[in-house]
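Trainee: I have a structure open and would like to learn how to read it. Could you take me through it feature by feature?

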Amino acid sequence: MTHKTSVAVKTAATAFAGLVVAGALLGGCGDPKSKAVPMDDEYAGSSGESTTSPSSSASPSASSSASTKDTGKYKDGTYAIKGQYGPVGEDSIDVTLKVADGKVADVQVVGHPFTTISKNHQNDFIKAIPGVVEGKPLKGLKVDKVAGASWTSDAFNKALDVARDQASE
């Protein structure tokens, strides 16, 4: 065997060994029993840029599920609540809710996102939420997924529960 052939064989063997190691490492990445579930929002798999307009909806529920002090009668005032959420609590929103005559007179939300995707969801939520809740009775108010932001909407609903407790007479 010549020197050139020996070098070529060693190079090929090293490349093959590298492929075997890479295959072994990547082989554990997928569980054949698990299912891939696509995300249901406009940011899934994208750069975060959006050309669609946010959609939203709100519906009053029959009762407030998490409230223990909610009397259903509310003092006029401004209530500030911080909502934290995400898989490890990495995102948060500051909600300022003005209540007048038992209704939401004004809402301000400031987002504190951890990722760009969270930032996009929070920004869309912040733009859409006033049109969803302002002028609606605070009693039993609960929002559905607003502007595709399900976790932000959930955190906002918890903030509504706290505001009802704080404002209850």
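This is a predicted model: local features need pLDDT of at least 70, side-chain atom pairs count only at pLDDT 80 or more; totals for chains, interfaces and linings use all residues.

Trainee: How much of the protein chain is buried?

Mentor: Buried means under 20% relative accessible area, exposed over 50%, and partly exposed in between (1.4 Å probe, protein chains only). Of the 169 residues in the protein chain, 30% are buried.

Trainee: Now the sheet. What is the strand order?

Mentor: Two strands pair if DSSP finds at least two bridges between them. In this model, three strands form an open sheet in the order S2-S3-S4, with antiparallel pairing. Strand S2 (77–85) and strand S4 (103–112) are the edges, each pairing on one side only.

Trainee: How many bridges hold S2 and S3 together, and how many join S3 to S4?

Mentor: S2 and strand S3 (residues 91–100) pair over nine bridges; in that pairing, Gln84 has Ser92 of S3 as its bridge partner. Nine bridges also join S3 to S4, and there Asp94 stands opposite Val110 in S4. S3 and S4 make a hairpin with two residues between them, and Asp101 in that turn has a positive phi of about 55°.

Trainee: Which helices touch or cross this sheet, and at what angles?

Mentor: For angles, axes are lines fitted to C-alpha atoms, for helices over the stretch in contact (heavy atoms within 4.5 Å). The angles run from 0 to 180 degrees between N-to-C directions. Neighbouring strands of the sheet S2-S3-S4 are turned by 20° against each other on average, direction ignored. Helix H2 (residues 116–133) packs on the sheet and touches S2, S3 and S4, its direction making about 175° with that of S4. Helix H3 (residues 150–167) lies across S2, S3 and S4, running at about 140° to S2.

Trainee: How many salt bridges are there, and what do they link?

Mentor: A salt bridge is a side-chain nitrogen of Lys or Arg within 4 Å of a carboxyl oxygen of Asp or Glu. The structure holds two. In one, Asp70 pairs with Arg164, the closest N and O atoms being 3.7 Å apart. Asp70 lies in the loop between strand S1 (58–60) and S2, and Arg164 in helix H3, so the pair ties together parts that are 94 residues apart in sequence.

Trainee: Are those two residues buried or partly exposed?

Mentor: Asp70 counts as partly exposed because its relative accessibility is 24%, whereas Arg164 is buried at 2%.

Trainee: And where does the other salt bridge lie?

Mentor: Asp161 pairs with Arg164, with the closest N and O atoms 2.7 Å apart. Both lie in helix H3, three residues apart, about one turn of the helix. Asp161 is buried too, with a relative accessible area of 11%. Through shared partners, the salt bridges join Asp70, Asp161 and Arg164 into one network.

How values were computed
Residues are numbered from 1 along each chain as its sequence is written. Side-chain values use heavy atoms; hydrogens and water are left out. Helices (H or I, at least four residues) and strands (E, at least two) are DSSP runs, numbered from the N terminus.
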